[in-house]
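Work through the exercises below with the model open beside you. Try each task before you read its solution.

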Amino acid sequence: MFSDLSAQKDVSSLLCRPAGEDQGPVFERVSPAYIPCSDRYKVGDRSFSRQYAHIYAARLMQMRSLLTERAQQKWGSDVLVRNLCDLQTGEQCCIVGTLFKRMELQPSILKEISEEHNLLPQPARAKCISETDELILEDELQRIKLEGKIDKDKCVTGSVIAIYGAERNDGKFTVEDFCTADLPLQTARPALSSDRFVLLASGLGLGSSDADSMLGLQLLVDMVTGQLGDQGEQNGAATISRVLIAGNLLSQCTQDKDTATKPKYLTKKTQAGSVDAIRLLDELLLQLVASVPVDVMPGQYDPTNFTLPQQPLHRCMFPLSSVYPTLKLVSNPYQANIDGVRFLGTSGQNVCDIEKYSSMSSHLEILEETLRLRHLAPTAPDTLGCYPFYKNDPFILEECPHVYFSSNAPSFESKLVKGPDGQEVLLVTVPKFSSTQTACLVNLRTLQCEPVTFSAFSAGEDDEESEMNISH
């Protein structure tokens, strides 16, 4: 792993005699083969005049054949597959459809109106599920209420599944079993001869007043560029072939929503909080892109469109770093092949939305669930904003990734998931750097992941015990 490379003792340390001008070793950074694959998430001519029903219809149409095949593998090739309009009472059959969860606690537009008309607002909730929630399955023509062996609290609206059971006399469908589309087919990973790492970081939170966060961020930049530590650390830094900064580059406090309602004479000479934060981000990226290729994804608080898929940040915001060809401004979701290893991930909005409307609390569990559903954002467009696609649903997974990540998580977690056809996927939840001072390193050769933590001086500790530490 990366820590083993950094701890090698066959090179000089900080406590040895400095080498002469001609004796210093040179560590060549590995240049990986990079193929961007995010074109499907780029929106050309935008039109919001279409209804969102089209994306649900396209999603069901694309996944119906996949789930029918999956149901026949699980319940036998002779299983009866019915449409809702052809159901017969008491007949054991399989149905493929889209889930809809009716929730009393789901926020409505009345909450936003109440801010203007002084109505009683709805209380903010971490979870919007309750015992009165109802689960409904619908296809192109009809819908039916579900009961039985299916966890309604875990399910979310927009998931396309296959259920097996029978319709009762009261018009409800008793579920005996259900299945998801599961993992798609996967291209084999090439065998690499040496360790190469991709660094994942998210939630930089620039624009906040946290000095410890800025110190840790500068330590991260210095480590990647080889300006930190002895020659062993520099040798390890040379194996970092690419850096991916996954969303929420700016802090939430840069989102000043009051400026839209204030009179113009009060805001005439004021400057948005995001201006200084973007300038600082440009200076940090300049240090990185001069040494290593960097991919920059937008997030919830970054200056781009709010709905998924979020388009790349504009190059004009980075006059210093955009000069370098090593800077790649990419979309959210993000997909690319790095040395034959397919990366796929988001800035975390899809995972946080599922966490709010289901009983699942672990970001890693939600990440695996979306992989099994074969869909990046099943709750879009119901509770998560997205573009009204009508020909196809780009969030459906057509090829299985090797590394599947979600950023801006509360903590670091990783897990290796295996599929029914021999697929191997590394799941990674990338923590917020502003609160955890932690980034992740993915080994392209072994598909292992380890965190790298930068702890700065702590004001709450005694001066004798306070220290800076970099652990991996």
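The exercises go from the whole chain to single residues.

**Exercise 1. Confidence and overall make-up**

Task: State how far the chain can be trusted, and which stretch has a pLDDT below 50.

Solution. Step 1: the model is predicted. Its average pLDDT is 88, and 84% of the residues score at least 70. Step 2: the stretch with pLDDT below 50 is residues 458–468. In the model this stretch has 11 contacts beyond near neighbours in sequence. Step 3: where pLDDT is low, predicted coordinates should not be read in detail. The chain holds 10 helices and 19 strands. Of its 472 residues, 47% count as buried. The accessible surface is about 22,900 Å², with 49% belonging to carbon and sulfur atoms. Among contacts between residues at least 6 apart in sequence, 73% join residues at least 24 apart.

**Exercise 2. The open sheet**

Task: Give the strand order of the open sheet with 6 strands, and find its edge strands.

Solution. Step 1: the order is S1-S12-S13-S14-S16-S15, with mixed pairing. Step 2: S1 (34–36) and S15 (413–418) each pair on one side only, and these are the edge strands. Step 3: from one strand to the next, the twist averages 20°. Step 4: look at the S1 edge. S1 pairs with S12 (residues 334–338) in the antiparallel sense, over 3 bridges. Ile35 stands opposite Asn337 of S12.

**Exercise 3. Two helices**

Task: Which strands does H9 lie across, and how do H8 and H9 pack?

Solution. Step 1: H9 (residues 363–373) lies across S14 (403–409), S15 and S16 (424–431). It runs at about 140° to S16. Step 2: H8 (residues 349–356) packs against H9 at about 105°, with the axes 10 Å apart. Step 3: angles of 65 to 115 degrees count as roughly perpendicular, so H8 is roughly perpendicular to H9. Step 4: list the contact residues. H8 contributes Val351, Cys352, Ile354 and Glu355. H9 contributes His363, Ile366, Leu367 and Thr370.

**Exercise 4. A covered strand**

Solution. Step 3: sort the residues by side. Thr438, Cys440 and Val442 are buried on one side, and Ala439, Leu441 and Asn443 on the other. Step 4: find the partners. S8 (residues 197–201) runs antiparallel to S17, joined by 4 bridges. Leu199 has Leu441 as its bridge partner in S17. S18 (residues 449–455) also pairs with S17 in the antiparallel sense, over 5 bridges. There, Thr453 is the bridge partner of Thr438. Step 5: inspect the turn. The hairpin of S17 and S18 has 5 residues between the strands, and Leu447 takes a positive phi near 60°.

**Exercise 5. One leucine**

Task: Is Leu329 buried or exposed, and which residues does it touch?

Solution. Step 1: Leu329 is found in S11 (residues 327–329). Step 2: its relative accessible area is 14%. The cut-off for buried is under 20%, so Leu329 is buried. Step 3: leaving out residues up to four places away in sequence, Leu329 touches Val296, Pro312, Leu313, His314, Arg315 and Phe318. Step 4: take His314 from that list. It is 15 residues from Leu329 along the chain, yet their C-alpha atoms are separated by 7.7 Å.

Methods: Residues are numbered from 1 along each chain as its sequence is written. This is a predicted model: local features need pLDDT of at least 70, side-chain atom pairs count only at pLDDT 80 or more; totals for chains, interfaces and linings use all residues. Side-chain values use heavy atoms; hydrogens and water are left out. pLDDT is the predictor's confidence in each residue, from 0 to 100. Contact means heavy atoms within 4.5 Å. Buried means under 20% relative accessible area, exposed over 50%, partly exposed in between (1.4 Å probe, protein chains only). Accessible areas come from the Shrake-Rupley method with a 1.4 Å probe; for residues, only the protein chains shown count as cover. Two strands pair if DSSP finds at least two bridges between them. Axes are lines fitted to C-alpha atoms, for helices over the stretch in contact, and angles run from 0 to 180 degrees between N-to-C directions. Angles under 35 degrees count as roughly parallel, over 145 as roughly antiparallel, 65 to 115 as roughly perpendicular and the rest as oblique.
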